Amino acid sequence: MKNWKLFGVALAACAMGAFTSCSDDKNDSPEESITIKDENGNIQLTIKNPEKWVAAAKSVVADLHEDATEELQEWMTEESIKIKTQAASVTVNEMIDDCIDEVDDVATEKIPSPLAILTTGDDCVANLGSVRNVLLGSLDGTVNEASIMALTASKNPQLAQKISTELADAVAKIQAIPQPLKQNANSTEAKAAIAACKTLQTTLSRELQPMFRQLQGDDAALKAIVTQYADGVVTPSVNDAKTAADELLIAVNTLPSQPTEQHIQSVIAAYIKARAALDLCAAF
């Protein structure tokens, strides 16, 4: 579902554009400006012209919502059918490919070059959470019996443990990066997190993927993995992302033309929730 990643980029652009200073008018008066701070007193964004900001935010979010709606419909009517009807071995290898790509994206783009001023380590952790969910075949951190990790454990328990350890290590190292991420992307902690992600990526690409490519006589197990992935991971995740996009649209569309700080904070909260839900779709 490649367009969900494009939706994520658009959300980041939303944070950089509509959700940051939004005025070219040199005559904006100081009285019109709104400064939004987080719970630690750090400035999140400054809105020099609230009316222009509201108009821009509504336009961007409307486009995002339309994309989210189309993606959900495509999944329900086309993609879910496709992955269940093509050879299960092909789908499982595509699943592993997507996990490898997402870990690489976190290591090479999202940590060292965060797009949005509101981006935090939590977003990168959620991206790895999407990888975890694909591998475990669940959304709650448990290993579903019909999953890549369960079958790996039955074939090569040492490899299953290695992947689990490396994934947990990558998450812990991301969480250790000082915030805000955008100001600490070159820190020692960030470099350690990048290295941990690359280690995980190497294990997935050089050990897990070759093992699955060489599996013989496990068609039933692979088909069960695909079914659980489609019904137990992707479908609820994209539904959650669509619901969060709905809530973001409502939050933006109910903004008055001259919003208060409280109004803006409600939109930020809806934006962060939508972004988090989307991040959990990143690996498919």
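I began with K110, which is partly exposed because its relative accessible area is 23% (buried means under 20%, exposed over 50%, partly exposed in between, with a 1.4 Å probe and protein chains only). This is a predicted model, in which local features need pLDDT of at least 70 and side-chain atom pairs count only at pLDDT 80 or more, while totals for chains, interfaces and linings use all residues. Residues are numbered from 1 along each chain as its sequence is written, and side-chain values use heavy atoms, with hydrogens and water left out.

I then looked up the partner of K110 and found a salt bridge with D105, the closest N and O atoms being 3.3 Å apart (a side-chain nitrogen of Lys or Arg within 4 Å of a carboxyl oxygen of Asp or Glu). The structure holds nine salt bridges, including that of K242 with D246, at 2.8 Å between the closest N and O atoms. Both K242 and D246 lie in helix α8, four residues apart, about one turn of the helix (helices are DSSP runs of H or I, at least four residues, numbered from the N terminus). I noted that K242 is buried at 14% relative accessible area, whereas D246 is partly exposed at 25%.

Next I checked how α8 (residues 219-253) packs with α2 (residues 50-85), and found an angle of about 165° with the axes 9 Å apart (axes are lines fitted to C-alpha atoms over the stretch in contact, and angles run from 0 to 180 degrees between N-to-C directions). I therefore recorded α2 and α8 as roughly antiparallel, the term for angles over 145 degrees.

Methods
Helix = DSSP H or I, 4+ residues; strand = E, 2+ residues; numbered from the N terminus. Parallel < 35°, antiparallel > 145°, perpendicular 65-115°, else oblique.
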